[in-house]
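I opened the notebook to record what I looked up, one entry at a time.

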Amino acid sequence: MAASRLPRFTRTERTLHWVHASAFLVLLGSGLALYLPSLAELIGRRPLLKDIHVYTAAAWAAALALVVLAGNRRALRATAREVNLFDANDRRWLRGNKAPQGRLNAGQKLNTVVTAAFAILFAVTGTLLWLGERDTRFRFAQTILIHDWLTLASLVLFLGHLYLAVIQPTTRHALNGMTRGWVDADWARRHHATWAADFDDAVTSREASRSPAP
Ligand code: HEM
Ligand code: HEM
């Protein structure tokens with residue numbers, strides 16, 4: 001009999017996701033308040049907002065490093081390999097055609113790559129902004145512009161992500177995978193057919209090896 005629940009994200013992946021998401025949201029909120037002059041004036045506490053922003057950034061980097069060091073690194077390496085591999089079905093999916101998808105569909109793989117790239121760019125430009133206030137050699141005209149554009153692009157990505165995760169009825173079951181770690185097998189067969197089939201094949205071959213020889 002096929003399993004009715006499939007394990008979707010390891011504890012390390014889930015911890016990494018929620019640590020990243022919580023720090024990111026504090027950085028987004030404090031960053032937007034620094035960016036919008038009216039909001040900064042309304043709150044009237046620019047230095048405090050800036051401290052929150054910079055200390056959260058440092059805590060964010062430290063927490064991510066801790067999760068990677070203390071967590072299941074083998075699983076993270078496997079996820080990185082999975083995300084970097086775009087097969088023929090992924091390319092078909094990205095062109096707007098129906099194609100069976102793995103554990104992460106091609107859009108989710110792209111989202112992961114973009115999220116990681118943005119995190120690095122945020123960290124580099126943010127550090128330059130911080131250093132630039134202390135030493136003019138680190139001041140570049142484009143740094144704040146890049147930091148701002150990354151913020152706007154991340155906001156759009158995040159709103160789309162949130163819509164799929166909590167509102168869109170066909171996809172919101174995924175939240176179970178990111179909170180409890182498992183999803184319903186039927187949902188997985190509909191949305192991630194290649195991944196679900198791997199489980200079904202594993203169960204079938206296990207059962208076949210258990211049944212007595214004819
Ligand atoms: C390692 C990560 C980060 C570091 C070190 C960092 C650092 C900084 C620093 C030093 C500033 C200048 C504050 C000032 O106005 O005096 C700043 C501004 C800002 N940050 Fe970040 N930041 C980081 C990540 C983020 C993230 C993830 C976001 C958004 C999602 C963000 C959005 C903003 C925005 C919108 C501003 C205001 C820029 C402006 O005034 O035009 N930052 N950041
Ligand atoms: C309250 C906010 C958030 C919720 C409810 C949420 C929910 C989820 C869920 C349910 C998944 C798994 C999708 C699936 O199994 O099919 C996921 C994956 C993911 N999340 Fe979030 N998330 C949130 C915030 C964020 C933020 C702020 C970021 C990055 C800045 C982020 C980045 C990712 C990435 C890269 C993945 C893997 C690829 C993907 O599924 O798109 N998430 N999230």
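**Entry 1: a starting residue**

In which helix does Ala65 lie? I looked it up and found Ala65 in helix 3. The model I am reading is a predicted one. I then checked the accessibility of Ala65: its relative accessible area is 37%, so I wrote it down as partly exposed. I also looked up a distance from this residue. The C-alpha atom of Ala65 is 9.5 Å from that of Leu16, although 49 residues separate the two along the chain.

**Entry 2: the iron atom of ligand 1**

Which residues coordinate the iron atom of ligand 1? I noted His53 and His147, each through its NE2 atom, at 2.0 to 2.1 Å. I then looked at the angles. The iron atom of ligand 1 has 6 donor atoms around it, and they subtend angles of 84 to 179°. I recorded the arrangement as octahedral because of these angles. For six octahedral donors, the ideal angles are 90 or 180 degrees.

Next I placed the two histidines. His53 belongs to helix 3 and His147 to helix 7, so the pair ties together parts of the chain that are 94 residues apart in sequence. Are His53 and His147 buried or exposed? I found both His53 and His147 buried.

**Entry 3: the shell around ligand 1**

I listed the surroundings of ligand 1 and got 23 residues. The closest are Gly31, Lys50, His53, His147 and Asp148. By class I wrote down 13 nonpolar, 6 polar and 4 charged residues. Helices 1, 3, 6 and 7 each supply at least two residues of this shell.

I then looked up polar side-chain atoms beside ligand 1. One on His147 lies 2.8 Å from a nitrogen atom of the ligand. One on Arg46 lies 3.3 Å from an oxygen atom of ligand 1, and one on Glu133 lies 3.4 Å from an oxygen atom of ligand 1.

**Entry 4: the iron atom of ligand 2**

I repeated the search for the other ligand. Which protein donors does the iron atom of ligand 2 have? They are His17 and His161, both through NE2, lying 2.0 Å from the iron. The site has 6 donor atoms with angles of 86 to 179° among them, and it is octahedral. His17 is in helix 1 and His161 in helix 7, and this pair links distant parts of the chain, 144 residues apart.

His17 has 23% relative accessibility and counts as partly exposed. His161, with a relative accessible area of 37%, is also partly exposed. The cut-off I needed is that buried means under 20%, so neither of these histidines counts as buried.

**Entry 5: the shell around ligand 2**

How many residues are around ligand 2? I found 18 residues, of which Arg8, His17, Gln108, Asn111 and His161 come nearest. The classes are 10 nonpolar, 7 polar and 1 charged.

For polar side-chain atoms, I noted one on Arg8 at 2.8 Å from an oxygen atom of ligand 2. Another, on His17, is 2.8 Å from a nitrogen atom of ligand 2, and one on His161 is 2.7 Å from a nitrogen atom of ligand 2. Helix 1, helix 6, helix 7 and helix 8 each give two or more residues to this shell. The largest share, 5 residues, comes from helix 1.

**Entry 6: salt bridges**

I looked up the salt bridges and found 7 in the structure. One of them joins Lys109 and Asp90, with the closest N and O atoms 2.7 Å apart. Lys109 lies in helix 6 and Asp90 in helix 5, so this pair ties together parts 19 residues apart in sequence. Both Lys109 and Asp90 are buried.

Glu133 is partly exposed at 44% relative accessible area, whereas Arg134 is exposed at 51%.

My last pair was Arg189 and Asp186, whose closest N and O atoms are 2.6 Å apart in a salt bridge. Both lie in helix 9, 3 residues apart, about one turn of the helix. I also noted a network: salt bridges with shared partners join Glu13, Glu82 and Arg103.

Notes
Residues numbered from 1 in each chain as written. Chains lettered and ligands numbered in written order. Predicted model: local features only at pLDDT ≥ 70, side-chain atom pairs only at ≥ 80, totals over all residues. Heavy atoms only, no water. Near = heavy atom within 4 Å. Polar contact = N/O pair within 3.5 Å; in protein donor to acceptor, adjacent residues only side chain to side chain. Helix = DSSP H or I, 4+ residues; strand = E, 2+ residues; numbered from the N terminus. Nonpolar A, V, L, I, M, F, W, Y, C, P; charged D, E, K, R; others polar. Donors = N, O, S within 2.8 Å, 3.2 Å for Na, K, Ca; no water. Tetrahedral: all angles 85-135°; square planar, octahedral: opposite > 155°, others 65-115°. Buried < 20%, exposed > 50% of the residue type's maximum accessible area, 1.4 Å probe, protein only. Salt bridge = Lys/Arg side-chain N within 4 Å of Asp/Glu carboxyl O.
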